[in-house]
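Please work through the following exercises with the sequence and the model side by side. Each task is followed by a solution that goes step by step.

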Amino acid sequence: MRLALLTLVFLVLISCDFPDAPTLQNPGSLGGSIEKNEVLFEGIDGSHEILFFTNKSHHALPYGKSFWIPLEEPQNPLIRWTLQAVKLSGELQAGFGMIFCHQPESEIMFLFLIRVDGFYQIAEFSQGNYHPFFDWVFDPAIRSGYGQKNTLEVRGNGSGLYSFLVNGTVIRTYQDENPPILLGGDQGMIVITSPREQFPQIPVDIRFQYGVGL
């Protein structure tokens, strides 16, 4: 009888779908922060190239982490911010891309993220929480795969209307109508690490270029 009962419990357990641990592919979804980090982002002297590299477990565990760095002078209002990104290795579905309209006093910012599998998302981060405007969306304008270069661009009109481009193609427009309306601030780049990273064997290795020639 006891063996039969244990067998029944085991069968029930293996038939259940247990949720995975949060991955922070939506940065800040656990109410955490997006960490400003000027060490993991390494600039190359005399160029507009930034390298992000880590294979340290504490940069991904327990739930994934998000790192960003501001670049160039703040734009008030934001007119145009462009960067090129290529991911060489790391978790397939961990986002990376740009931040813009960052307000240091309130820690509010917009994010424009892509993934290696060709998906993108636009979101606002405020008060320690990530607010996506929509779920991840696939777009053929994004060059999928490791080692593929993608140029991300956001254009503002000074009144809260933003256009988002990938490789020269407009993929989305957005009108910010939610107070406080963000018109400008710091801009930079962001990388998200996932708890599914295979550290230390496979690092997160992403190369960015910005500014001149883009």
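**Exercise 1.** Over the ring of which residue does the charged end of arginine 172 sit, and how far is it from the ring's centre?

*Solution.* Keep in mind from the start that this is a predicted model. Starting from the charged end of arginine 172, we find that it sits over the ring of phenylalanine 134, at 3.8 Å from the centre of that ring.

**Exercise 2.** Determine whether methionine 98 is buried or exposed, and describe its surroundings.

*Solution.* First, locate the residue: methionine 98 belongs to strand β6, which covers residues 96-103. Next, consider its accessibility: the relative accessible area of methionine 98 is 0%, and because buried means under 20%, methionine 98 is buried. Then look for its partners beyond the neighbours within four places in sequence: methionine 98 is in contact with several residues, among them Trp81, Leu83, Phe110, Phe112, Leu152 and Ile190.

**Exercise 3.** Classify the pairs that the ring of phenylalanine 110 forms with tyrosine 162 and with tyrosine 174.

*Solution.* A pair of aromatic rings is described by the distance of the centres and the angle of the planes. The structure holds 15 aromatic pairs. For phenylalanine 110 and tyrosine 162, the ring centres are 5.8 Å apart and the planes stand at 70°, so this pair is edge-to-face. Since phenylalanine 110 lies in strand β7 (residues 108-114) and tyrosine 162 in strand β12 (residues 161-166), the pair ties together parts that are 52 residues apart in sequence. Both residues count as buried, phenylalanine 110 at 1% relative accessibility and tyrosine 162 at 2%.

For phenylalanine 110 and tyrosine 174, the centres are 6.2 Å apart and the planes stand at 80°, so this pair is edge-to-face as well. Tyrosine 174 lies in strand β13 (residues 169-175), and its pairing with phenylalanine 110 therefore ties together parts that are 64 residues apart in sequence. Tyrosine 174 is buried, with a relative accessible area of 16%.

**Exercise 4.** Which residues have the most contacts inside the largest nonpolar core?

*Solution.* The largest nonpolar core has 41 residues, and those with the most contacts inside it are Phe100, Phe112 and Phe208. Apart from this core lies another, of 12 residues, including Ile99, Met109, Ile190 and Ile192.

Methods. Residues are numbered from 1 along each chain as its sequence is written. This is a predicted model: local features need pLDDT of at least 70, side-chain atom pairs count only at pLDDT 80 or more; totals for chains, interfaces and linings use all residues. Side-chain values use heavy atoms; hydrogens and water are left out. Helices (H or I, at least four residues) and strands (E, at least two) are DSSP runs, numbered from the N terminus. Buried means under 20% relative accessible area, exposed over 50%, partly exposed in between (1.4 Å probe, protein chains only). Contact means heavy atoms within 4.5 Å. A nonpolar core is a set of buried Ala, Val, Leu, Ile, Met, Phe, Trp, Tyr and Cys residues joined through side-chain atoms within 4.5 Å. Rings of Phe, Tyr and Trp (its six-membered ring) pair if their centres lie within 6.5 Å; planes under 30 degrees apart count as stacked, over 60 as edge-to-face and the rest as tilted. A charge sits over a ring if NZ of Lys or CZ of Arg is within 6 Å of the ring centre and within 35 degrees of the ring normal.
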